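Hi everyone, thanks for coming. Let me put the structure up on the screen, and then we'll walk through it together.

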Amino acid sequence: MPGRRHRRRPARGFAALVRHQGTGQHLDAWINRARHAGYPGIRGFAGGRDAVVAGLTQPWSSGPVEGQVNRIKTIKRQMYGRAN
């Protein structure tokens, strides 16, 4: 099994793909490399091609909704004394 440095390559490659490529045109090559990586987490992550392409190409985002859900969960944790 490759070391930590080799584990970072697929993750950094995906981050660059999302940040700079924006259309998913190089996604198939990334998925191919990730599927041949020796880490189950990376291989499993590489399986959702349709969802990734939609996330890269669609103009909308669920970010504001996720932010509100996070805020509500934080408030609930504070109410029950589990906030850190």
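So, the protein chain has five helices and zero strands; helices here are DSSP runs of H or I with at least four residues, strands are E runs of at least two, and both are numbered from the N terminus. Read along the sequence, that gives α-α-α-α-α.

Two quick notes on where this comes from. This is a predicted model, in which local features need pLDDT of at least 70, side-chain atom pairs count only at pLDDT 80 or more, and totals for chains, interfaces and linings use all residues. Residues are numbered from 1 along each chain as its sequence is written, and side-chain values use heavy atoms, leaving out hydrogens and water.

Now, the inside. Of the 84 residues, 17% count as buried, meaning under 20% relative accessible area with a 1.4 Å probe, protein chains only.

What makes up the largest nonpolar core? Eleven residues: Phe 14, Leu 17, Leu 27, Trp 30, Ile 31, Ala 34, Ala 37, Tyr 39, Ile 42, Val 52 and Leu 56. A nonpolar core is a set of buried Ala, Val, Leu, Ile, Met, Phe, Trp, Tyr and Cys residues joined through side-chain atoms within 4.5 Å. Helices H1 (4–21), H2 (27–35) and H4 (49–57) each give two or more residues to this core, and H2 gives the most, with four.

Let's stay with H2. Its buried residues are Leu 27, Trp 30, Ile 31 and Ala 34. Down the helix axis they fall within an arc of 100°, so they line one face of H2; the arc is taken from the directions from the axis to the C-beta atoms.

Definitions and conventions. Buried < 20%, exposed > 50% of the residue type's maximum accessible area, 1.4 Å probe, protein only.
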